[in-house]
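Please read these notes with the sequence and the model side by side. They are written for someone new to looking at protein structures.

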Amino acid sequence: MIHNPEVGSSSLPRATKAIPPGRMAFSFLAVAMVRTTALLLFLVSCTAFHEEDDAAIRAVMAQQEVAWDKGDIQGFMEGYADSVCFIGRSGRTCGRSNVTANYLKSYPDRARMGDLAFLLDEVVPAGPVNAWVTGGWTLHRANDTIGGGFSLLWAKGPEGWRIIRDHTY
């Protein structure tokens, strides 16, 4: 036992060495960094864009093709959010009902609608609940074939993945 005259008592000798101040700060920093990294990885894994999201977007577009080819513009429009804005040669139209009205005016019958084919170039995640899709479209009709390209901004909501911006050219 060691007598400590400052406090008037005896204590057992310490078996530990003092950690230098710089090294102690490093230890706390390392632990904090590991914990922060683990938390971030956990959060990212919970909110990341997954292969299932890519597949869900592609499935909506496939359903749109089927609806279009049946002459079902209302079914085709199910792939759009209520707040969609369509940007095309005629300008900008916002709101699903307004975009639907434009489609009905431009494609009044099955002959005019033709057979739709999408060619998707890429699905690019833009965060956990958004994605950009680029590609091309072709309408095969009895008297002609027309086509162009598109870039679509998608958002994931309660109904699933829906188009919120459609720039078709």
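Predicted model: local features only at pLDDT ≥ 70, side-chain atom pairs only at ≥ 80, totals over all residues.

1. The disulfide. How many disulfides does the structure hold? There is one, and it is formed by Cys85 and Cys94, with 2.1 Å between their sulfur atoms. The torsion about the S-S bond of Cys85 and Cys94 is about 110°, so this disulfide is right-handed.

2. Cys94, at 29% relative accessibility, is partly exposed.

3. The whole structure has four salt bridges. One of them joins the side chains of Arg58 and Asp54, at 2.6 Å from N to O. Both residues belong to helix H2, which covers residues 51-69, and they are four residues apart, or about one turn of the helix. Arg58 is partly exposed, with a relative accessibility of 36%.

4. A salt bridge between a helix and a strand. The side chains of Arg96 and Asp82 also form a salt bridge, again with an N to O distance of 2.6 Å. Arg96 is in helix H4 (residues 96-106) and Asp82 is in strand E3 (residues 80-88), so the pair ties together parts that lie 14 residues apart in sequence. Arg96 is partly exposed at 27% relative accessible area, whereas Asp82 is exposed at 56%.

5. Asp144 and Arg141 meet through their side chains in a salt bridge of 2.9 Å, N to O. Asp144 is partly exposed, with 32% relative accessibility. Arg141 is buried, with a relative accessible area of 16%.

6. Beyond its neighbours within four places in sequence, Asp166 is in contact with Tyr80, Cys85, Phe86, Ile87, Tyr103, Ser151 and Leu152. Cys85, one of these contacts, is also a partner in the disulfide.

7. Aromatic pairs. The count of aromatic pairs is nine. In one of them, the ring centres of Phe76 and Tyr80 are 5.9 Å apart and the planes meet at 55°, so this pair is tilted. Phe76 is buried at 4% relative accessibility, and Tyr80 is buried at 3%. Phe76 also pairs with Tyr103: here the centres are 5.4 Å apart and the planes are at 75°, so the arrangement is edge-to-face. This second pair links distant parts of the chain, with Phe76 in helix H3 (residues 73-77) and Tyr103 in helix H4, 27 residues apart. Tyr103 is buried too, with a relative accessible area of 12%.

8. The aromatic cluster. Which residues do the ring pairs link into a cluster? They are Trp68, Phe76, Tyr80, Phe86, Tyr103 and Tyr107. Among these, Tyr80, Phe86 and Tyr103 are also in contact with Asp166.

Key:
Residues numbered from 1 in each chain as written. Heavy atoms only, no water. Disulfide = S-S within 2.5 Å. Buried < 20%, exposed > 50% of the residue type's maximum accessible area, 1.4 Å probe, protein only. Contact = heavy atoms within 4.5 Å. Helix = DSSP H or I, 4+ residues; strand = E, 2+ residues; numbered from the N terminus. Phe/Tyr/Trp six-rings, centres within 6.5 Å; stacked < 30°, edge-to-face > 60°.
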